[in-house]
Amino acid sequence: MRNQLETLAKPRPLLDRRGWAAFLAIGFVLIVLVPLLNILPGRGSMLHLSDYLIPLLGKYACYAILALSLDLVWGYAGILSLGHGAFFALGGYAMGMYLMRQIGTRGVYGHPVLPDFMVFLNWKELPWYWQGFDSFPFAMLMVLLAPGILALVLGWFAFRSRVTGVYISIVTQAMTFALLLAFFRNDMGFGGNNGLTDFKDILGFPIQAPSTRIGLYVVSVIVLGLCFLLCRFVTQSKLGRVLLAVRDAESRTRFLGYSPTAAKLFAFVLSALLAGIAGALYVPQVGIINPGEFSPANSIEIAIWVAVGGRGTLYGAILGGVVINLVKTWLTGAAPELWLFVLGGLFIASTLLFPKGIVGMVGQWKAWRDQKKAYALDDKAAAEKGAE
Amino acid sequence: MLQAANLNLYYGASHALRDVAVSAEIGKITCILGRNGVGKTSLMRALVGLQTVRSGSIMWEGQDITALKPHERAKRGIAMVPQGREIFPRLTVYENLETGLAPLPRGERKIEDEIFALFPVLHEMRNRRGGDLSGGQQQQLAIARALVTRPRLLLLDEPTEGIQPSIIKDIGRVIRDLANRGTMAIVLVEQYFDFARALADQFILLQRGEVVVEGDASRLDADDVRRYLTV
Amino acid sequence: MPLPSPLLQPATAGLSPDVVDRVRVSDTQLYLDGVSVSFDGFRAINNLALMVAPGELRTIIGPNGAGKTTMMDIITGKTKPDAGEVLFAGRIDLTRLDEVAIANLGIGRKFQKPTVFENLTVFENFELALKSARGAWKTLLGRLNSEALDRIAWALDTVGLETKVEDIAGSLSHGQKQWLEIGMLLVQDTQLILLDEPVAGMTDAETKQTAELILTLKGERTLVVVEHDMEFVRDLGAKVTVLHEGSVLSEGTVDHVQNDPRVIEVYLGR
Amino acid sequence: MAKPEDLQAIAVPEEAKALLAGAGPAASSEPVDFATALAGLKSDSFADKGKAIDALTALGDVRAIPVFRALADGRLLLRKSDGLMVIGAPSGNEIALTSPLDGSSLGAVSAGTLEPLFVNNNLRNVLREAVGRLGLSSSDQAARSMAANALLENATPETVALLREAYGRESVDGVKRVMALSLAAAEIAHPDKVKRLDSIAVLGTASDLRVRALLQARLNQEQDADVKAALVKAFDRMQTKITLYSYVENFIQGISLGSVLLLAAVGLAITFGVMGVINMAHGEMIMLGAYSAYLTQEIFRALLPPGWIGAYLIVALPVAFLIAAAVGVAIERGVIRFLYGRPLETMLATWGVSLCLQQAVRSIFGATNKEVANPSWMTGAIEVAGGLAVTWNRVYIIIFCFLVLGLIALILKRTAFGLHMRAVTQNRQMAAVMGIPTARVDAMTFALGSGIAGMAGVALSQIGNVSPNLGTIYIVDSFLVVVFGGVGSLMGTLVGALTLGVVNKILEPVAGAVLGKVVVLVCIILFIQKRPRGLFAAKGRSADA
Amino acid sequence: QDTIKVGVLHSLSGTMAISETTLKDTVLMMVDDINKKGGLLGKKVEAVVVDPASNWPLFAEKARELISKEKVSVVFGCWTSVSRKSVLPVFEELNSMLFYPVQYEGEESSKNVFYTGAAPNQQAIPAVEYLMSKEGGEVKRWVLAGTDYVYPRTTNKILESFLKAKGVKQEDIMINYTPFGHSDWQTIVADIKKFGSAGKKTAVVSTINGDANVPFYKELSNAGIKASDIPVVAFSVGEEELAGIDTKDLVGHLAAWNYFQSVKNPTNDAFIKQWKTFIKNDKRVTNDPMEATYIGFKMWAQAVAQAGTTNVDAVRQAMYGQKVKAPSGFTSVMNTNHHLSKPVLIGEIRPDGQFNTVWQTKGPVKADAWSKFIPESAKLTADWTFPWVCGNCEKPKYAALVN
Ligand SMILES: Nc1ncnc2c1ncn2[C@@H]1O[C@H](COP(=O)(O)OP(=O)(O)OP(=O)(O)O)[C@@H](O)[C@H]1O
Ligand SMILES: Nc1ncnc2c1ncn2[C@@H]1O[C@H](COP(=O)(O)OP(=O)(O)OP(=O)(O)O)[C@@H](O)[C@H]1O
Ligand SMILES: NC(N)=O
Ligand SMILES: [Mg+2]
Ligand SMILES: [Mg+2]
């Protein structure tokens with residue numbers, strides 16, 4: 001008994017041995033092998049990894065971080081945020097503003113300070129909120145602060161007022177919808193519907209150079225790995241259990257003295273930060289940030305990735321984010337007129353067949369096997385008894 | 001007449017009922033006893049069809065109902081007072097009772113005054129949401145709701161839980177009375193031993209999903225009880 | 001990042017001076033006076049007064065719907081009374097605090113309908129209940145020490161769930177959940193323990209055992225127990241308060257209240 | 001240029017003779033006959049057409065009225081085969097022809113054999129004025145009223161004379177008032193001060209924006225102090241009235257927007273509010289309803305005489321209900337029933353369903369918008385006063401949505417089905433034990449919610465797009481309304497929708513459409529902090545478990 | 001067998017599918033046509049269709065896929081400006097070629113894009129001039145209503161400065177922006193009505209985009225605003241949009257385009273016939289962006305034939321001065337600023353949902369990539385031939401070499 005308790009009480013490891021092995025192996029493939037395959041073999045070679053795959057993979061990594069961030073709040077704290085796209089977009093805009101400032105006089109109107117869209121809409125000077133974005137560290141700070149503060153403020157009000165369930169979902173959706181409309185406005189000074197585009201370089205590296213692309217891709221993968229470990233750390237800690245408790249029976253945790261507000265706020269803000277980082281990595285790789293990222297449908301889609309992958313498992317979310325987008329990339333090219341049927345069908349089928357997501361399949365299979373085993377065992381015992 | 005035999009029920013890989021047999025006769029009260037977690041509730045749920053059994057058969061009024069859905073069993077006169085009350089929280093007390101009319105033929109859909117006579121508090125609170133009632137009031141509501149269906153087989157899962165002593169006495173009287181009318185078979189799960197013993201005609205005693213003792217109430221002796229019901 | 005949580009602070013820190021009240025009934029553990037609450041015009045608690053001394057064991061009985069659970073809701077902050085005073089340790093006005101703050105003062109509760117964390121294991125349920133820092137950062141970095149383990153082991157043993165430690169709480173039977181919740185209260189180690197029908201669904205033997213457990217806690221802890229099982233109430237042998245229609249109907253020893261004709265009329269029956 | 005040969009075809013013999021005798025087309029100051037003047041309309045030049053119209057008007061022949069109307073509406077046609085000028089009116093798939101000369105029927109032909117005579121906006125104004133002038137002597141009182149009204153702004157000395165004459169003849173009070181107003185308007189610049197003052201006195205009683213413009217214009221020119229004072233007074237009085245009307249208008253618009261939101265949300269109030277199914281395919285149910293309306297209309301167009309077309313919308317309602325309900329049942333039986341108690345998975349699956357439905361409609365009907373006609377009884381507006389107008393389709397939508405909501409409330413609260421519906425969603429297992437056939441109730445509930453969404457689609461097709469994306473437009477708003485009102489409360493949905501509509505319409509003139517909506521959203525976010533379970537929150541113990 | 005691949009980058013799902021699907025079909029029709037006539041350079045032309053799903057970053061991804069993976073020789077695609085902006089860096093990075101067939105705000109000239117839709121000076125200015133004329137009704141008061149994004153903003157900015165130059169006072173101009181997909185037009189239509197009842201002839205210049213038009217026109221017709229009272233002239237409403245609206249109450253409202261289906265000439269007759277045959281639906285209509293796609297495709301095919309290769313640099317050179325007899329009835333010419341010379345037509349809506357041309361330019365108008373009415377832009381020249389070789393320069397890049 002005591003021994004069992006001792007084992008149960010041990011701080012949980014970030015990953016078990018097999019987990020680390022898989023983590024490192026995947027990391028090696030993505031960080032070392034993929035770039036090498038792109039660089040080393042000649043273009044015609046069988047082994048050559050096409051140039052166009054690198055930014056694609058980098059994009060998937062960003063989506064994976066985004067999915068991960070949602071899983072943290074949804075899978076563990078039970079907050080189905082339907083506005084996570086907003087945090088992603090804010091991080092993206094912060095990065096986009098930095099990239100815009102880096103254009104300098106290379107814009108079409110050659111204005112030294114103002115981005116093109118401001119020039120042709122007759123803006124005379126840079127609005128105050130654009131100040132400082134020529135500095136990379138400042139922009140990075142804003143990548144964190146913009147989504148972080150928004151999440152803090154919104155979360156603080158909402159969680160304190162005990163806004164839960166679908167209500168919090170709708171609040172977050174309303175938030176992203178409001179931001180969508182606001183950012184669409186040309187008067188806001190963020191480029192309106194077109195958003196920010198035409199980036200030239202990042203930290204002095206030309207953004208379209210293959211080497212920069214590989215660099216951005218590698219950074220994205222590394223950040224994804226780190227975010228994953230960070231989320232694991234949180235979910236494996238006691239706070240992780242508190243979050244689960246809050247998710248399942250929020251009111252009960254209060255009577256135990258835990259403040260659901262604090263726990264949820266922690267998760268929500270952390271998650272918003274991760275989403276912001278994902279957005280910041282995404283923008284230089286796709287070359288555009290525009291208000292479309294705020295659209296409610298985008299945020300719903302993130303939830304779909306997580307659900308398909310497997311909610312509350314972290315790696316399920318990553319898997320979901322990557323797999324769905326992979327399928328989407330493939331089908332929009334391979335079956336441009338039918339792909340919605342396939343994707344929609346996939347969603348339906350996966351919910352019916354794998355209610356716990358792709359990664360839940362394993363557990364489902366195990367449970368099924370255990371049950372079969374138990375049946376067999378009991379049947380044997382019964383047969384023996386009958387024989388006696 | 002209810003006759004269930006060889007019931008085997010699993011939760012995933014865990015075997016919750018092992019070859020359990022139970023019977024109930026019209027006009028008689030069958031008591032199911034056993035410690036926490038032995039499978040009493042599981043058995044009741046299997047009888048009403050909320051839990052599918054892996055094997056075994058349930059015969060009621062001469063027909064095999066093992067494959068029937070819960071609402072079909074209700075149509076055949078089976079009703080249950082579940083453990084944990086399971087009131088419809090946002091229906092009013094009266095509406096909660098009305099749900100019991102569903103399995104009745106059209107002409108008979110009426111809540112008998114007798115029900116309110118038995119539980120006057122329900123009449124007083126008929127327009128209050130079921131979920132707002134106190135625990136004991138909900139328990140009374142759950143019993144009343146089952147009676148509204150005019151069952152021929154009544155399954156009671158710890159019906160006295162949380163009810164004040166005076167009403168427990170009333171409930172005891174009613175159960176006896178219902179049995180004596182000779183129109184109803186009753187299966188009662190009860191931890192409150194004195195209550196059970198006073199009512200039971202026959203009993204089964206479960207341990208870890210198995211029937212260990214069964215028989216006529218007169219055979220229910222204190223030793224068995226001590227052996228199987230104490231720690 | 002500063003977390004806006006009362007959990008980061010000692011129990012009474014930051015409370016406004018008028019919350020930490022004029023020391024009026026300084027030697028009560030729990031003090032209710034003139035408490036009333038209505039729901040849609042229905043008076044569930046009506047000018048209720050109750051005083052429980054530190055270390056006292058108090059039993060509360062009363063008809064269904066008398067307001068016993070509602071009273072516990074008021075004490076634990078779940079329901080705000082319309083009027084009246086509710087003081088903890090003679091000075092802390094509980095009506096101004098929320099559930100979290102109240103729990104952190106050292107008030108623990110078992111609900112009438114067993115409520116546990118169904119998706120966590122029995123062990124994890126205990127771990128969460130365990131007396132320890134409740135702040136977000138603290139829980140992020142928190143570790144279990146061996147003292148805590150001893151406590152869990154003891155509680156597990158007491159409630160008889162040793163074989164179920166790693167089981168998901170949701171798969172427990174009704175009675176087992178009841179026990180789990182009692183166990184959680186034990187590891188939570190609070191000053192004031194509120195038990196709402198702790199022996200409902202227990203066998204007679206278990207009921208006896210529970211009574212013994214409660215008696216060992218008495219003195220060290222203040223306990224308020226609500227029950228309908230008069231056998232059990234008798235076993236506890238403590239002062240009994242009878243509630244009826246939201247206020248006290250009778251108070252005294254078990255014998256006293258059992259023979260009170262009004263109690264017999266509305267509660268015990270003939 | 002009109003060739004004499006063509007004219008032969010329209011002309012009754014004598015006239016044709018006269019024409020051939022050499023009367024020039026249009027514009028000549030000599031008196032011309034009707035047929036000749038008519039021929040001038042055939043010109044390709046808008047200027048020449050204008051002259052022909054003037055000539056026709058000058059003849060004062062009431063036969064010109066239907067011709068002018070037809071010309072303005074593009075129904076004045078030339079028969080390709082022989083260049084005969086005819087007036088057309090749609091009749092089934094064909095066009096029924098009448099002669100502009102004597103109104104005699106010329107049979108029906110297919111549209112392809114005809115070519116319309118075009119006018120531009122300028123000419124349309126000329127035509128309207130001409131119709132107005134001729135209409136003053138019409139026997140139809142509505143026509144007289146319209147004619148007088150049309151002369152309010154652009155009266156000429158000549159028309160004033162006509163108007164005065166008509167005023168003298170007029171016996172209907174309502175028409176007389178309109179004529180008086182137009183007469184007054186014509187005299188606002190009268191050299192005689194007294195006349196001007198009289199005119200202002202009459203005009204001051206109106207609350208017409210055109211009159212206000214007249215007064216304002218006069219105010220800028222008026223020299224006389226007395227008249228000026230009278231003008232200012234009349235203007236201010238009118239201004240107050242108009243401002244008041246504009247508040248009323250804002251409010252009505254708000255209710256109208258609210259009713260649209262409500263319509264979009266009612267189905268969801270059942271599938272989501274009552275059943276708790278996060279139904280992302282709700283918008284597609286609305287879309288199916290709109291396409292049902294389109295289909296019904298096409299069937300009507302193809303199979304029934306044109307007089308019936310106005311009724312298609314009525315028929316479309318049950319059709320849409322059935323189609324959407326059938327699809328709803330299919331979804332419930334095929335997908336959702338496996339997912340009860342797992343709302344989030346339901347969300348995922350219904351999202352998949354919504355993608356499939358969108359694509360299916362796109363594949364079947366094409367990606368482009370479909371035209372769904374407004375039946376004539378749904379077009380136009382009720383003009384109250386002071387520019388305050390409520391369009392008929394809005395009025396019908398408001399009425400319709402209240403009817404639907406009332407119906408649902410009745411079903412939920414007053415029928416056994418309603419009771420079972422609520423019981424099943426609150427505790428499915430226990431409902432089954434009580435003898436409620438849960439599967440059937442689930443299917444029927446979902447069918448009801450979907451069917452109502454379908455009916456909403458029919459209504460919404462009257463004011464918006466009918467395209468595969470239709471559903472996505474409404475889905476966010478619908479959830480917003482249901483949640484804002486309080487999940488599970490029909491009253492909440494009603495009040496929520498109307499509140500959002502009115503608040504939106506109050507903000508829109510102040511903040512603009514975009515910012516207005518942003519502000520509304522922010523208000524919702526803030527409001528939910530105050531009432532974390534919506535406007536009409538479920539109360540009691542069960543709510544905060 | 002070796003084929004020449006042509007990328008088609010139009011949204012087939014999402015909000016833009018309504019407009020863009022038709023353009024995809026148009027390209028397929030053109031490909032079909034050219035193959036029937038024996039292909040290009042002796043090879044078959046193969047269309048590679050992808051669906052960027054109205055998702056702007058996805059446009060960039062799909063563009064990269066078409067160019068890098070599918071190795072297409074040219075791409076026909078995009079509708080919204082933001083989608084064009086999104087793919088632009090990709091085309092420039094990979095030096096490929098895009099044909100953009102939609103009227104847009106101008107202010108752009110990329111070496112890798114050929115713009116076959118109208119620039120503001122080919123639509124907006126002529127339309128307003130017409131309305132100011134006697135024939136157009138001598139409009140004195142103007143409502144500029146648009147969807148809040150670059151194209152309307154830019155167009156309205158240009159128009160505003162144009163109107164003021166013509167002596168229109170500020171109080172006679174009302175500017176209104178609405179969000180994408182705006183569906184409740186009650187307030188705005190009521191405002192327009194009020195604005196228009198001030199005694200001066202008023203017109204609405206609409207740059208309202210896409211889906212929002214249907215509810216706008218429905219409200220307009222229900223509110224009883226007749227074209228003869230307050231005409232609305234639109235730059236984004238064509239035959240296809242009207243096909244989704246009951247037009248009986250919209251007769252007389254206007255649109256300005258470079259092409260109308262109702263234009264009568266043999267090229268157009270053939271074009272319409274080809275389209276109806278290809279799409280197998282007699283009710284389908286043609287519209288301006290389709291014509292622009294047609295022109296673009298023809299020009300590209302001619303340029304490839306002329307260059308004898310699909311090499312982007314060679315084809316680009318061959319594009320300049322390329323002429324196509326367009327369905328508009330005029331010959332369109334590709335200029336060195338990568339924009340076309342096209343006629344401007346103004347039409348009034350007919351009851352049958354077609355347009356009746358009420359005014360047109362004498363000949364093709366050359367598109368300005370940079371508007372003369374925006375100060376910063378007026379300075380710029382787009383010319384991709386020697387000595388300029390630049391899309392946005394104040395002086396030729398190779399000015400030194402010229403002298
Ligand atoms: N949903 C479930 N999933 C897994 N195991 C379950 C589930 N429900 C019950 N069990 C297990 O099955 C066994 C029997 O449970 P059951 O509820 O039938 O007991 P019981 O005899 O009614 O107990 P009590 O007296 O406490 O109500 C218990 O060990 C319990 O842990
Ligand atoms: N939210 C509410 N709305 C309406 N009535 C309520 C609400 N909460 C409690 N009540 C009523 O208040 C009374 C007191 O309920 P309470 O649960 O406190 O009773 P109790 O003494 O605990 O009874 P029991 O012994 O049955 O558990 C009951 O009549 C109940 O119906
Ligand atoms: N370029 C346009 N019309 O978006
Ligand atoms: Mg049980
Ligand atoms: Mg209670």
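Ligand 2 is surrounded by 24 residues, and the closest are S134(B), G136(B), T69(C), T70(C) and R541(D). A residue counts as near a molecule if one of its heavy atoms lies within 4 Å of it.

Some ground rules. This is a predicted model: local features need pLDDT of at least 70, side-chain atom pairs count only at pLDDT 80 or more, and totals for chains, interfaces and linings use all residues. Residues are numbered from 1 along each chain as its sequence is written, chains are lettered from A and ligands numbered from 1 in the order in which they are written, and side-chain values use heavy atoms, with hydrogens and water left out.

Back to ligand 2. Where does ligand 2 lie? Between chains B, C and D.

Now its polar contacts. A polar contact is a pair of N or O atoms within 3.5 Å; within protein, one must be able to donate a hydrogen and the other to accept it, and residues adjacent in sequence count only if both atoms are side-chain atoms. Take chain C. The side chain of N64(C) puts a polar atom 2.9 Å from an oxygen atom of ligand 2. G67(C) has a polar backbone atom 2.8 Å from a ligand 2 oxygen. For K68(C), a backbone N or O atom sits 2.7 Å from an oxygen atom of ligand 2. On its own, ligand 2 exposes 630 Å², and the protein buries 98% of that. Accessible areas here come from the Shrake-Rupley method with a 1.4 Å probe; for residues, only the protein chains shown count as cover.

Which elements supply the shell? From chain B, α6 (135–148) gives at least two residues to the shell around ligand 2. From chain C, β2 (42–52) and α1 (68–75) each give at least two. Helices (H or I, at least four residues) and strands (E, at least two) are DSSP runs, numbered from the N terminus. By class, the ligand 2 shell has seven nonpolar, 12 polar and five charged residues. In that scheme Ala, Val, Leu, Ile, Met, Phe, Trp, Tyr, Cys and Pro are nonpolar, Asp, Glu, Lys and Arg are charged, and the others, Gly among them, are polar.

Next, ligand 1. Its surroundings hold 19 residues, with T41(B), S42(B), S171(C), S173(C) and G175(C) the closest. Why is the site shared between chains? Because residues from chains B and C surround ligand 1. S42(B) has a side-chain N or O atom 2.5 Å from an oxygen atom of ligand 1. G175(C) uses a backbone N or O atom, at 2.6 Å from a ligand 1 oxygen. V38(B) has a polar backbone atom 3.2 Å from an oxygen atom of ligand 1. Ligand 1 has 630 Å² of accessible area on its own, and the protein covers 81% of it.

Two helices each supply at least two residues of the ligand 1 shell: α1 (40–48) of chain B and α6 (174–188) of chain C. The shell divides into three nonpolar, 12 polar and four charged residues.

Now the core. A nonpolar core is a set of buried Ala, Val, Leu, Ile, Met, Phe, Trp, Tyr and Cys residues joined through side-chain atoms within 4.5 Å. Buried means under 20% relative accessible area, exposed over 50%, partly exposed in between (1.4 Å probe, protein chains only). The largest core has 391 residues, and F126(C), L41(D), W142(E) and W300(E) touch the most other members. Helix α10 (residues 260–286) of chain A gives this core its largest share, 16 residues. Domain 1 (30–121) and domain 3 (248–374 + 389–544) of chain D each contribute at least three residues to this core.

Chain D also has domain 2 (144–244). Domain bounds come from an automatic or database domain assignment. Taken over C-alpha atoms, the centres of domain 2 and domain 3 of chain D are 48 Å apart.

Last topic: backbone geometry. Most residues other than glycine have a negative phi, and most peptide bonds are trans. In chain E, a cis peptide bond joins F386(E) and P387(E), with omega about 10°. P387(E) sits in the loop between β17 (381–383) and β18 (390–393). V389(E) is found in the loop between β17 and β18 of chain E. Its phi is positive, near 50°. V389(E) is partly exposed, at 25% relative accessible area.

In chain B, R208(B) has a positive phi, near 45°. R208(B) lies in the loop between β9 (202–207) and β10 (210–216). Buried or exposed, then, for R208(B)? Exposed, with a relative accessible area of 68%.
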